[in-house]
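Open the model in your viewer and keep the selection tool at hand.

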Amino acid sequence: MMSELQWNKDTLYKLVKSKLGESLFIVVSNREPYVHTMSDGKIKCTRPVGGLTEALDPVMRASGGIWVAQGTGDADKKVVDEHNRIAVPPEKPEYTLRRVWLTEEEVDGFYLGFANQALWPLCHVTFTPPEFREDWWHIYKKVNQIFADAVIDEIGDRSAVVLVQDYHFALLSGYLKERNPALTVGQFWHIPWPAYEIFRTCPWHEEILAGMLGNDLMGFHTRSFCNNFIDSVERSLEAMTDRESSALVRRGNKTIVEPFPISVDFDGLSGQAGTEAVEKEMASLSKEFNLEGKYLGVGMDRMDYTKGIPERLMALDKFLEDNPEYRGKVVFIQAGMPSRGQIDTYQEIGQRIDDLMNGINEKYGTDAWQPVVPMTRQLSHNTLGALRRLARFCVVSSLHDGMNLVAKEFVAARVDGDGVLILSSFTGAAVEMQEALLINPYAISEFAEKIKEAVEMPEAERRRRMKNMREIVSDNNIYRWGGSMVSRLISIAGV
Ligand code: GDG
């Protein structure tokens, strides 16, 4: 049985090689796996960090398939052929990247607009009202069509298995199936799926659901998101549900809806965290921030209003207020880059976080000690590894989160077996990581007590909990996610 396997890059590669047969394998995502940029008059190729490329790279290499994505690098156009294709990885080409070009207006309406200001807040239930602008919706549909054209063009008359990524492409699979019903199409939705009562506020919810039912396989992080999706379909469209086999049937087409919890490259992160370079960086950070003899807490997320960063700062404030004995002894580093800066709500959250950090430092800070240290610069892998290893506790306080990889990265990096994870119950990760200190990020007093518990937790208990979490993440790693989804799709395709 595949589920008994210890998944790694190699097993995933072998699975695809042996099972895919002659079928073409296509991945579609908004973000591209390789970006070409100009640097000092030369073209440079980089690979954006992130689990998605890490997991799908072995699949793409084994299948020799095609990855369709938006070209965003300033040298991207310079390196493609007349079909907008380039062979990657550059050093040893094994598959094809097909770039899709979008105009500024399309990026505004599709990515910044409908995807990130309508679907993102709608699915996250963080009380940030979604904006359902009609012009964005039309551009979103148009861009989904543009990607469908590119995929159909690549496939020609071959048989193909297509794996679509995320909420940028709710309509793509439906468009693909209209054009070529013989395709096998799956999609993974990286963010939560809300309750029907919330989802139906979107004026185009029926069209979105119908589009998603173009998939043969629809994946979410958790069973509860799957159930919300099934419920939304049942209550909006005329579809039959087979709860036993977790499938929806509409107009003769079947969509299997299943959870595939995403994860991290556990072995890679563990290995990296144990290197001499990381240990050197730990010593240097410890000196730079005067951490010797102090308890370090870290928060390491993209600056997004879903991540509960203000709530964590309020809890830290309450902790310092209630426990004066820890003033001067706890340092909290908030490391993370601003993101989606063109959107007003993101600028506002950045300002709010700054104000809260300054407030705490003014209230408790001394000449020798600042309780909160912001680190908004781009951090290297070694610095990230060093921060994870130095921390007594890591705080993940999302108000709602599909999975949350920061939590799993922290656990993977703790090769020393120590450290405490404070984790929001409202993350997909909390389903698996019950040995974390689970919190409701809105309950500030309880949250503050958990910070105290993390600081005071005896070493034996810290180690017991961390061991359990490391076993879980090691087994449920990113390759299991990729392998389970791809093997499920291949079995549906019957190749
Ligand atoms: C979506 C879903 C789901 C963080 N700050 C910086 C940075 N990071 C890295 C982290 C981690 C990744 O980015 C963030 O992953 P998360 O899972 O925490 O969150 P989202 O970005 O919201 O991702 C989420 C995920 O998709 C996968 O399915 O888990 O629920 O919302 O790897 O370490 N990376 C860089 N600079 C930063 O400042 N380069």
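A polar contact is a pair of N or O atoms within 3.5 Å; within protein, one must be able to donate a hydrogen and the other to accept it, and residues adjacent in sequence count only if both atoms are side-chain atoms. This is a predicted model, in which local features need pLDDT of at least 70 and side-chain atom pairs count only at pLDDT 80 or more, while totals for chains, interfaces and linings use all residues. Residues are numbered from 1 along each chain as its sequence is written, and side-chain values use heavy atoms, with hydrogens and water left out.

Select His-221: a side-chain N or O atom there is 3.4 Å from an oxygen atom of the ligand. At Gln-378, a side-chain N or O atom is 3.0 Å from a ligand nitrogen. Met-403 instead uses a backbone N or O atom, 2.8 Å from a ligand oxygen. The ligand alone exposes 720 Å², and the protein buries 81% of that (Shrake-Rupley method, 1.4 Å probe).

Now move to Leu-421. Leaving aside neighbours within four places in sequence, Leu-421 has contacts (heavy atoms within 4.5 Å) that include Cys-394, Phe-410 and Met-469.
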